[in-house]
Amino acid sequence: MAKIGIFDSGVGGVSVLKELLKVLPDEEYIYYCDQKNLPYGEKTPGEIRNLTKTSFNFIDRQNVDMVVIACNTATANAERYLKAIFGFPIFGIIRSGISEIVKATKNNKILIIATESTVENGIYQEEIKSLVPSADVRAKGCSNLVRAVEDGHIDDELAVQVVKEYLEEYRDFEFDTLVLGCTHFPLARPAIEKVLEEMGKEVTIVDPAKSLAETVSEFLQDRDFENKRSGIKLYTSHSSNDLSKMVKSILNMDCNEEEINEEDYKD
């Protein structure tokens, strides 16, 4: 069994943890989120790299065998940077899902909802168009949806209203594939589906977390680690119990979260 680190800026990575548990239920998971500094989607690439480096310093001291970046914004802006620094395997969430996106679309019209930073980085658009040059790929930054999910609004009236405000401008865009380009958004999937139905849209929703979980599972198949424990440990740079509440809501697990002082892990 492996000891797997999971990093996100907030509670969105619980959607990735959910997919990992489906295919790797017996591993030990160290989940760390940098809630003190969210939202990452409104920060500069340099700020994101510095913050993720501090977070990875903490995760590294937990003696993990590998780390999953359960954050699209951190993946887009810091994955290569982190891989050049740390010696353990690091898996970002974006590239794992690209082939699934390309397979899903039939008319090559794709809408991506993500953070402003991920949209501006352009990694989804570039990766998709590298495989399908004729694809019409559009992307929308949805920072208010990140905040709504972080506050626990995943399937209520507020969540539906926020989703509606973002998707309304694409009513006339005949996209057949919607990419959830932020790990917070799968948690709000019920609200997203309601809005799409109201708009009369029949689309395939792609959650890259599923492909990421499969990639990690394949990586572990031929490897043996000394770790013999299983379970989940939750850590955050600012405890408000939002993380443990989300784990209870989505995974039906009771886990306590522990706050760590990020100053202890800065270079």
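Thirteen is the number given for the lining of the largest pocket: its 13 residues include Lys18, Glu19, Pro186, Leu187 and Arg189, which lie nearest the centre. A pocket is, on a 1 Å grid over the protein atoms alone, an open set of points where a 1.4 Å probe fits, with protein on both sides within 12 Å along at least five of seven lines; lining residues have an atom within 4 Å of a point. Helix 1 (14-23) and helix 9 (189-198) are the elements that give two or more residues to this lining. The largest share, 4 residues, comes from helix 1. Helices (H or I, at least four residues) and strands (E, at least two) are DSSP runs, numbered from the N terminus. The lining also draws at least three residues from each of domain 1 (3-93 + 210-264) and domain 2 (95-208), with domain bounds taken from an automatic or database domain assignment.

The model is predicted: local features need pLDDT of at least 70, side-chain atom pairs count only at pLDDT 80 or more, and totals for chains, interfaces and linings use all residues. Residues are numbered from 1 along each chain as its sequence is written, and side-chain values use heavy atoms, with hydrogens and water left out.

The second largest pocket is lined by residues that include Thr75, Asn77, Arg80, Tyr81, Arg95, Asn121 and Glu127. Helix 3 (72-83) and helix 6 (123-131) each supply at least two residues of that lining, and helix 3 gives the most, with 7 residues. Because domain 1 and domain 2 both give residues to the lining, the second largest pocket lies between them.

A volume is the space filled by probe spheres set on the grid points, which are joined across faces, edges and corners. Ala, Val, Leu, Ile, Met, Phe, Trp, Tyr, Cys and Pro count as nonpolar, Asp, Glu, Lys and Arg as charged, and the others, Gly among them, as polar.

| Pocket | Volume | Lining by class |
|---|---|---|
| Largest pocket | about 210 Å³ | 5 nonpolar, 1 polar and 7 charged residues |
| Second largest pocket | about 170 Å³ | 4 nonpolar, 3 polar and 5 charged residues |

Backbone geometry provides a further topic. Most residues other than glycine have a negative phi, and most peptide bonds are trans. Asn63, in the loop between helix 2 and strand 3 (66-69), has a positive phi near 60°. Asn108 likewise has a positive phi, of about 60°, although it is not a glycine; its place is the loop between helix 4 (94-104) and strand 5 (109-114). Asn63 is exposed, with a relative accessible area of 61%, whereas Asn108 counts as partly exposed at 25%. Here buried means under 20% relative accessible area, exposed over 50%, and partly exposed in between (1.4 Å probe, protein chains only).

The peptide bond from Leu38 to Pro39 is cis, with omega near 5°. Pro39 lies in the loop between strand 2 (28-33) and helix 2 (45-60). Leaving aside neighbours within four places in sequence, Arg147 is in contact (heavy atoms within 4.5 Å) with Pro39 and Glu42. Arg147 belongs to helix 7 (residues 143-150) and is partly exposed, with a relative accessible area of 34%. Between Arg147 and Ser96 there are 51 residues of separation in sequence and 25 Å in space, C-alpha to C-alpha.
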